[in-house]
Amino acid sequence: MAFDFDRFRSEQVYRSSAPVRMVMADLGRLKLFDAELDRRRALWSKGSLYSGIAAGVAFVGTFLLAPVGIGLLGFGLVPVFLVAWLVCSLMSSRYRRLDLQDRRYELVAHLLQRLRKDIAPDEPVTLELDFHLPEHERNLTGRGTVGPWKTESFVQRWLSLQVRLMDGTHLRLGMDERLQVRRRTKMNPRGKLKSKLKRKGSTLLHVQLRVKPERHPQLAQLGSRARTAVRLPKALKLGRLDVAADRLSMRAVTASDWKVTVAQGEPSLDASRAYLMMLLSLYQVLNYSTSLRKRDAARIAS
C-alpha cells in the first residue's frame with residue numbers, strides 16, 4: 001500500500017503492518033517528507049525575515065524621503081511588506097508544527113536494519129509511530145501542584161513494534177516519553193509579574209519476548225537468576241524484569257536526551273545499542289533455560 005501523506009499530515013501518526021522491506025521503504029519516504037518540510041519552512045522563514053526588514057526600511061524611508069516629496073511612496077509600501085511578513089510567518093509556523101523528530105524514525109530504521117536477518121521476508125512488522133510532541137493535550141495524564149509550582153504530567157507511548165522472529169519468538173518493543181512541565185508566576189520587588197517554566201522528563205524502553213512454554217519448561221523458575229544476565233549501558237537503568245512461563249519482559253529508564261547513535265565518549269544514550277543489549281540480555285536467559293532442558297533430557301536418556 002502506498003504511503004498516504006495526506007492522512008499522515010492530519011494524524012501525525014504512522015501505522016503499518018507489512019513486510020520489513022515495505023516498512024523500511026516507508027521510513028525512507030518519511031525521511032524525504034521531513035526534509036521537504038524543513039526546506040519549505042526555511043524558505044518561509046527567510047521570507048519572513050526579509051519582508052520584516054523591508055517593512056522597517058520602508059517605514060524609516062517614509063521619514064527620510066519626506067523632504068524630497070516621495071515619502072508617501074515608502075509609506076504605501078509598509079502595509080504591503082507587513083502583509084508579506086505576516087503570511088510568511090504564519091506559513092513558517094505551520095511547517096514548524098509539522099516538523100518531525102528525526103530520531104524517532106531513524107531509531108526504528110536502525111533497529112529494523114539490525115533485526116532484518118532474523119525476520120522472514122514476508123513476515124509482517126506491525127508498527128505505530130506517533131510524531132506528536134510529548135506535551136500534546138492527548139498525552140496529558142494529570143495536573144497538580146508542587147509547592148508554588150503548577151504541574152502538568154504527560155506520558156506518550158510513541159513507539160510500538162511487534163514482529164515474529166524466524167526462531168518463533170514474538171518480539172514486542174516500545175518507548176514511552178514521560179514529561180512534567182512546571183509553571184510558576186510571581187511578582188518581583190518592582191511589582192512586575194514574572195513567569196518561570198521548568199521541564200523534567202525521562203524515557204522508558206520496553207522489550208518483551210513471547211515464547212512457547214514447551215520449548216522453555218523451566219523459564220518461570222529463572223526469575224532470581226535472570227538479573228545476572230542483564231547487561232545494559234551505563235546511561236540506562238533497569239526498572240523491571242519479569243519472567244513467566246511464556247514470556248520475558250524488561251523495562252529500563254534513561255534521560256530524555258537519548259540519540260539514535262552516539263560517538264564514543266558522548267554522555268547521551270545510544271538508543272539503538274540499548275535496545276539490542278536489552279534483547280541480547282533476554283536471549284541469554286532463554287538460552288540458559290534451553291541448556292537446562294537439554295541437560296535434563298540427557299539425564300533422563302542416560
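How accessible is R103, buried or partly exposed? R103 is partly exposed, with a relative accessible area of 21%. Buried here means under 20% relative accessible area, exposed means over 50%, and partly exposed is in between (1.4 Å probe, protein chains only).

This is a predicted model, so local features need pLDDT of at least 70, side-chain atom pairs count only at pLDDT 80 or more, and totals for chains, interfaces and linings use all residues. Residues are numbered from 1 along each chain as its sequence is written, and side-chain values use heavy atoms, with hydrogens and water left out.

**View 1. The whole protein chain, for orientation.**
The protein chain has six helices and eight strands. Read from the N terminus, the order is α-β-α-α-α-β-β-β-β-β-α-β-β-α. Helices (H or I, at least four residues) and strands (E, at least two) are DSSP runs, numbered from the N terminus. Of the 302 residues, 37% count as buried. Areas come from the Shrake-Rupley method with a 1.4 Å probe; for residues, only the protein chains shown count as cover. Among contacts with a separation of 6 or more, 69% come from residues 24 or more positions apart. A contact means heavy atoms within 4.5 Å.

**View 2. E177 and R103, a link between a strand and a helix.**
Back to R103: this residue forms a salt bridge with E177, with the closest N and O atoms 3.9 Å apart. E177 sits in strand β5 (residues 170-187) and R103 in helix α4, so the pair ties together parts that are 74 residues apart in sequence. E177 is buried at 5% relative accessible area, whereas R103 is partly exposed at 21%. The cut-off for a salt bridge is a side-chain nitrogen of Lys or Arg within 4 Å of a carboxyl oxygen of Asp or Glu. Side chains of opposite charge can pair when their charged atoms come close. The structure holds 16 salt bridges, and E11, R15 and E128 are linked in a network of them.

**View 3. Helix α4 and its buried side.**
Helix α4 covers residues 102-115, and its 14 residues should span 20 Å at 1.5 Å a residue; the end C-alpha atoms are 20 Å apart, which agrees. The expected span is 1.5 Å times one less than the number of residues. R104, Y105, L107, V108, L111, L112 and L115 are buried in α4. They cover an arc of only 155 degrees around the axis, which puts them on the same side of α4. That arc is taken from the directions from the helix axis to the C-beta atoms.

D26 and R29 meet through their side chains in a salt bridge at 2.6 Å, N to O. They are three residues apart in helix α2, so about one helical turn separates D26 from R29. D26 is buried, at 8% relative accessible area, while R29 is partly exposed at 36%. Further along, R41 pairs with D38, and here the closest N and O atoms are 3.8 Å apart. R41 and D38 are also three residues apart in helix α2, again about one helical turn. Both partners are partly exposed: R41 has 23% relative accessible area, and D38 has 26%.

**View 4. A nonpolar surface patch that includes I53.**
L49, Y50, I53 and V57 form a nonpolar patch on the surface, with about 430 Å² of accessible area together. I53 lies in helix α2 (residues 20-64) and counts as partly exposed at 48% relative accessibility. Patches are made of residues with over 30% relative accessible area and no salt bridge; like charges are joined within 9 Å, nonpolar side chains (Val, Leu, Ile, Met, Phe, Trp, Tyr) within 5 Å.

**View 5. N139 in its loop.**
N139 is found in the loop between β2 (124-130) and β3 (140-146), and is buried at 7% relative accessible area. Leaving out residues up to four places away in sequence, N139 touches L133, P134, S153, F154, V155 and Q156. N139 and F154 are 15 residues apart in sequence, but 5.2 Å apart in space, C-alpha to C-alpha.

**View 6. Q12 and its positive phi.**
Q12 has a phi near 55 degrees, a positive value in a residue other than glycine. Most residues other than glycine have a negative phi. Q12 is placed in the loop between α1 (5-11) and β1 (13-19), and counts as buried at 14% relative accessibility.
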